[in-house]
Amino acid sequence: MRFKAMGMAAAGMLLAGTVSAEVMLRDDFSANAPGEAVPSGWKLYKQGPNTGKISIRDLGDGKRELLIDDECDQSEIGVTRQFPATAGNYYRIALKARQLNELKKDAAYFQLRFLPSQKLLQLPIAVLDTERYNPNVISLQAPAGTTGLQIFIYTHKAPKPAVAISEFYLEESATPFESYSPWPQEQQILKQDPMTSLKLDEKSGAPVYWGRYTQGPKPGTIEVATQADGQTALKMVDSDNQSEIGIEYSFPVVPGLYYRATVDAKNPTGERCFLMQLSMFPGKQHKQVFFTQSDDFKTYTLTVQAPEGTNKGTVYLYSHKPPTGSIELRNFQLEQSERPFDETK
């Protein structure tokens with residue numbers, strides 16, 4: 001699928017308003033018969049030789065879910081739907097998803113695209129595990145000239161994810177939405193990476209679904225380290241005082257919401273070289289925590305409330321120039337909440 005760059009700047013706002021959102025579509029897939037089929041009202045999206053499976057699963061008690069199971073690294077598969085849209089109005093798509101197969105940890109995506117401009121926002125679908133449904137939300141204002149919109153829930157070519165969708169919303173509002181989510185007060189996981197079965201991207205050398213961050217002439221190495229329990233961790237080594245090495249993940253933010261990044265780090269060398277940083281843009285407001293000496297994994301947390309005027313956040317796990325050292329990381333999680341986090345949990 002070809003698309004323009006994500007419109008992070010219009011990823012949604014948490015502002016006061018007087019007009020409640022109009023629900024254009026709420027689909028819990030309960031009206032569909034179980035079996036391999038595209039849900040009613042949706043169309044199949046596919047590219048490639050072997051598209052995998054789209055199906056409906058019966059959960060009992062009148063509840064059903066949409067399953068998307070990608071079986072080929074040369075194919076894309078999913079569902080799509082189009083609606084009329086009005087320039088200047090705000091639109092929000094939201095879904096609840098869980099991991100379908102614990103052995104298939106790759107991410108699927110959901111996308112909101114305006115027509116005919118092709119302005120869009122696309123995000124990976126964040127899932128927790130095979131048992132719990134996690135909310136995912138995209139909000140975007142329709143640009144001038146908009147006559148319609150298109151929504152996608154689909155997979156990219158190389159990864160082979162398997163996800164289950166229990167509920168989907170499409171909403172419209174003449175003013176910014178009064179709350180971030182159609183499920184108010186719910187805490188949401190934006191990214192979860194245990195790093196215990198780690199894969200590095202062949203091009204960037206960073207873990208899959210992360211970006212690589214470097215500065216200086218000899219920026220160090222990113223490696224997969226096998227632990228005593230047989231599982232992996234992310235290992236980064238900085239051996240040059242004039243260089244930095246790390247990974248980064250960017251995400252849209254909503255002013256007023258709270259964001260919490262958590263990671264486990266092991267630093268047996270004791271050097272305060274590596275750190276976690278949570279940054280808000282365009283104001284470049286940063287919050288940091290250094291990884292101190294530890295012979296086993298220790299949990300570190302950063303919490304930030306997004307200031308007014310910000311629209312993008314980035315988490316960095318990286319080294320400062322001096323001193324040098326190494327770090328091993330596991331169990332990264334990025335959360336979002338409309339209320340302050342309970343820091344005792």
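Sixteen nonpolar, four polar and nine charged residues make up the lining of the largest pocket. That is where this tour starts. Keep in mind that the model is a predicted one.

**Stop 1: the largest pocket**

Select Lys105, Asp106, Gln192, Asp193 and Tyr209. Of the 29 residues that line the largest pocket, these five are the closest to its centre. The space here comes to about 740 Å³. Now colour strand S13, residues 188–193. Strand S13 gives four residues to the lining, the largest share. Keep the strand coloured, as the tour comes back to it.

**Stop 2: the second largest pocket**

Next, select Ala158, Pro159, Leu200, Asp201 and Val208. They are the closest to the centre of the second largest pocket, among 15 lining residues. Its volume is about 360 Å³. What classes of residue line the second largest pocket? Eight are nonpolar, two are polar and five are charged.

**Stop 3: along strand S13**

Return to S13. Five of its six residues are buried, so the strand is mostly covered. Look across to strand S23, residues 325–337. S13 and S23 pair in the antiparallel sense, over five bridges.

Zoom in on Gln188, which is found in S13. Is Gln188 buried or exposed? Gln188 has a relative accessible area of 2%, so it counts as buried. Now select Gln336 in S23: this residue is the bridge partner of Gln188.

Show the other neighbours too. Leaving aside residues up to four places away in sequence, Gln188 touches several groups:

- Asn134, Pro135, Asn136 and Val137
- Tyr180 and Ser181
- Leu334, Glu335 and Gln336

**Stop 4: the enclosed cavity**

The largest cavity has a volume of about 140 Å³.

Select Leu123, Pro124, Asn136, Val137 and Leu190. Of the 14 lining residues, these lie nearest the centre of the cavity. Then colour the strands around it. S9 (120–124), S10 (134–141), S13 and S17 (244–252) each supply at least two residues of the lining. Which classes line the largest cavity? The lining has 11 nonpolar and three polar residues, and no charged ones.

**Stop 5: strand S6 and its two partners**

Move to strand S6, residues 76–84. Seven of its nine residues are buried, and the strand is mostly covered.

Follow one pairing first. Strand S3 (residues 43–47) and S6 run antiparallel to each other, paired over five bridges.

Select Thr80 and Phe152. Thr80 stands opposite Phe152 in S11.

**Stop 6: salt bridges**

Finish with the charged pairs. The model has 11 salt bridges.

Start with Arg57 and Glu65. Their side chains meet in a salt bridge, at 3.6 Å from N to O. How accessible are the two partners? Arg57 has 35% relative accessibility, so it counts as partly exposed. Glu65 has 0%, so it counts as buried.

Next, select Arg64 and Asp58. Their closest N and O atoms are 3.8 Å apart, and they form a salt bridge. Asp58 counts as partly exposed because its relative accessibility is 42%.

Then go to Asp129 and Arg132. This salt bridge spans 2.8 Å, N to O. Arg132 is partly exposed, at 46% relative accessibility.

Note on methods:
Residues numbered from 1 in each chain as written. Predicted model: local features only at pLDDT ≥ 70, side-chain atom pairs only at ≥ 80, totals over all residues. Heavy atoms only, no water. 1 Å grid on protein atoms, 1.4 Å probe; cavity = no way out; pocket = protein on both sides within 12 Å on 5 of 7 lines; lining within 4 Å. Points joined across faces, edges and corners; volume = space filled by probe spheres on them. Nonpolar A, V, L, I, M, F, W, Y, C, P; charged D, E, K, R; others polar. Salt bridge = Lys/Arg side-chain N within 4 Å of Asp/Glu carboxyl O. Buried < 20%, exposed > 50% of the residue type's maximum accessible area, 1.4 Å probe, protein only. Contact = heavy atoms within 4.5 Å. Pairing = 2+ DSSP bridges.
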